[in-house]
Amino acid sequence: MTSRQQVGHHKDHVHDHDHDHDHDGHSHEHHKGFKGWLYELFVPHTHDASDSIDDALESSTQGVRALKISLFILLGTTVLQFLVVLISGSVALLADTIHNFSDALTAVPLWIAFILGRRAATRRYNYGFGRAEDLAGLFIVVVVALSAVVAAWQSIDRLFHPQPLNNLWWVLAAGLIGFAGNEIVAVYRIRVGRQIGSAALVADGVHARIDGFTSLAVVIGAGGVLLGFPLADPLVGLLISATILVLLWGTVRSVGRRLMDGIEPELLDRAHTALELTPGVISVSKLQLRWVGHRLQGAATIVVANASLSAVEETVHEARHSLGGALPKLDDMVIQPVTGPGH
């Protein structure tokens, strides 16, 4: 029986064990006030143990479903905005429409990554293809950064070469449509990304949220023009571009940590506690965990009592059982027992 089968065999144990590991034990840095609100909005943490989906195939299916639905919503939003562009002739709205369309397509590499992640390991890629998801997250980060640079360049150009806007009420309506569509997608992607432990899907959700505020900037700029301040549009565009670059740092850290095999300390603590509480385990001399896509892999060396071979095997079996309960997203765990003095 493989490690994944052993973990899956103990799913019933997961829910009983998990209640002891609520968010109260998390070591995330929680910010308060307006700063905390901004962090929760644009830099949400990735995993949510209480809402975890603990089957690898089910979690990938959830991720693909989220991408399909959100891609459909974003493309619908883009079509509506483009119709308003044809009516109003707004260059600013056209830029936002093209921006939203190109950003909707960032779902494609992540979709491909989820499908690749389902493939069985090969002799060349013997750890599987889960890393494709992290690479897709890196691609999303690059696209967001480029969109911020392009938006800033367009805003600066508009400062020096002002362009008149027509049918501003239509532009306002289209901007609100863009904001609403992107925010719906953002909430959905971030929620599913947290459930399945996908930093890339959470990053794509943050990306959609940033796009929504970019569309809202079009509304604010058009409102400023209506009030007799034509430079409002490019100035708001510059402000949004700067905000994107500042807030993007949180997403860069999240995706980069995954690529560098970084792990949330509270997950390591939970695994360590589960192993130490296993009957027959004297101590845990080594413990490693890493994310591969939205699944966990790791290795541990446990010190067990100097007993018979069958007793040691039973202890290792129980250790896997405990880990399966403590870490629902665990796919594979190599446990090496070493004998020590008995109690």
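Strands β1 (residues 281–292) and β2 run antiparallel and are joined by ten bridges. Strands here, like helices, are DSSP runs numbered from the N terminus, with at least two residues (E) for a strand and at least four (H or I) for a helix; two strands pair if DSSP finds at least two bridges between them. This is a predicted model, in which local features need pLDDT of at least 70 and side-chain atom pairs count only at pLDDT 80 or more, while totals for chains, interfaces and linings use all residues. Residues are numbered from 1 along each chain as its sequence is written, and side-chain values use heavy atoms, with hydrogens and water left out.

Between β1 and β2 lie two residues, and the two strands form a hairpin. Gly293, in the turn, has a positive phi of about 70 degrees. Across this pairing, Val292 stands opposite Arg295, and Val284 stands opposite Ile302.

On to the next strand. β2 is also joined by ten bridges to β3 (residues 330–340), and these two run parallel. The chain gets from β2 to β3 through helix α12 (residues 309–326), in a right-handed β-α-β crossover; right-handed means that, with the strands pointing away from the viewer, the path from the first strand over the helix to the second runs clockwise. In β3, Asp332 is the residue opposite Gln297.

Together the three strands make an open sheet in the order β1-β2-β3, with mixed pairing. β1 and β3 are the edge strands, each pairing on one side only. Strand β2 (residues 295–305) is mostly covered, with nine of its eleven residues buried, where buried means under 20% relative accessible area, exposed over 50% and partly exposed in between (1.4 Å probe, protein chains only).

Now the charged side chains. Side chains of opposite charge can pair when their charged atoms come close. A salt bridge is counted when a side-chain nitrogen of Lys or Arg is within 4 Å of a carboxyl oxygen of Asp or Glu, and the count comes to five.

Which residue forms a salt bridge with Asp331? Arg295 does, with the closest N and O atoms 3.2 Å apart. Arg295 lies in β2 and Asp331 in β3, so this pair ties together parts that are 36 residues apart in sequence. Both residues are buried.

Arg290 and Asp261 also meet in a salt bridge (3.7 Å, N to O). Arg290 is partly exposed at 22% relative accessible area, and Asp261 is partly exposed at 31%.
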